[in-house]
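Please keep the sequence and the coordinates open while reading.

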Amino acid sequence: TFYGHPLHAMLVVFPLGLLFTSFLFDLLYLWRKDHFWARAAFWLMSVGTAGALASVATGLFDYSSIPMPLQARQTATLHLYLGLTVV
C-alpha cells in the first residue's frame, strides 16, 4: 500500500490508458499512412505492457495480503484469472 491505498488500484489505470491510446494510434496510422503513428503505437504498447506487468505484481501482492470474506475472494480470483489472461 501507499499511504493506506492499494497500489494495484493506482497502477492499473496507466496500462489501460496506454494500450487504448496505442489502438487509436494504430487507427491513425491506417488512416494517415504516417509511420510516426506506428512507432508511437509500438512504444505505447511496450510501456503499457510493462505497466500491466507491474499492475499484476502489485495485484498479486494485494490479493495475497488483504484479508477478504469468501465471496470477495471468489470475485478477486475471477478478476485475477481474467487479468492474467488479458496480459
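By the pairing rule used here, in which the rings of Phe, Tyr and Trp (its six-membered ring) pair if their centres lie within 6.5 Å, with planes under 30 degrees apart counted as stacked, over 60 as edge-to-face and the rest as tilted, the count comes to 3 aromatic pairs. In one of these, the ring centres of Phe36 and Trp37 lie 4.9 Å apart and the planes stand at 75°, so the pair is edge-to-face. The model is a predicted one, in which local features need pLDDT of at least 70 and side-chain atom pairs count only at pLDDT 80 or more, while totals for chains, interfaces and linings use all residues. Residues are numbered from 1 along each chain as its sequence is written, and side-chain values use heavy atoms, with hydrogens and water left out.

**Aromatic rings and charges over them**

- Accessibility is classed by relative accessible area (buried under 20%, exposed over 50%, partly exposed in between, with a 1.4 Å probe and protein chains only), and on this scale Phe36 counts as partly exposed at 43%, as does Trp37 at 22%.
- The rings of Phe42 and Trp43 also make an edge-to-face pair, because their centres are 5.1 Å apart and their planes are at 80°.
- Within that pair, Phe42 counts as partly exposed at 45% relative accessibility, whereas Trp43 is exposed, with a relative accessible area of 57%.
- Phe25, Phe36 and Trp37 form one aromatic cluster.
- A charge is taken to sit over a ring if NZ of Lys or CZ of Arg is within 6 Å of the ring centre and within 35 degrees of the ring normal; Arg32 lies in this way over the face of Trp31, at 5.2 Å from the ring centre.
- Arg73 lies over the face of Tyr63, and here the distance from the ring centre is 4.7 Å.

**Overall architecture**

- The protein chain has 4 helices and 0 strands, where helices (H or I, at least four residues) and strands (E, at least two) are DSSP runs numbered from the N terminus.
- Read from the N terminus on, the elements run α-α-α-α.
- The radius of gyration, taken over C-alpha atoms, is compared with a globule rule of 2.2 Å times the number of residues to the power 0.38; the chain has a value of 16 Å, well over the 12 Å that the rule gives for 87 residues, so it is more spread out than a compact globule.
- Along its principal axes, the C-alpha trace spans about 50 × 25 × 15 Å.
- Of the 87 residues in the protein chain, 16% are buried.
- With contact meaning heavy atoms within 4.5 Å, 54% of the contacts between residues at least 6 apart in sequence join residues at least 24 apart.

**Helix α4**

- Helix α4 (residues 70–86) has 17 residues and reaches 24 Å from its first C-alpha to its last, close to the 24 Å expected at 1.5 Å a residue, the expected span being 1.5 Å times one less than the number of residues.
- Ala76, Thr77 and Leu80 are buried in α4, and, seen down the helix axis, the buried residues fall within an arc of 105°, so they line one face of the helix; the arc is that of the directions from the helix axis to the C-beta atoms.
- Those buried residues of α4 pack against α3 (35–65).
- Turned away from the buried side of α4 is a face that carries the exposed residues Gln71, His79, Leu82, Thr85 and Val86.

**Helix α2 and the loop after it**

- α2 has 20 residues and reaches 28 Å from its first C-alpha to its last, close to the 28 Å expected at 1.5 Å a residue.
- Lys33 is found in the loop between α2 (13–32) and α3, and just after α2 this residue takes a positive phi of about 60°.
- As background to that value, most residues other than glycine have a negative phi.
- Lys33 is exposed, with a relative accessible area of 56%.

- Ser55 lies in helix α3 and counts as buried at 4% relative accessibility.
- Not counting residues up to four places away in sequence, Ser55 touches His8, Leu11, Val12 and Pro15.
- Ala54 lies in helix α3 and counts as partly exposed at 34% relative accessibility.
- The C-alpha atoms of Ala54 and Arg39, which are 15 residues apart along the chain, are separated by 23 Å.
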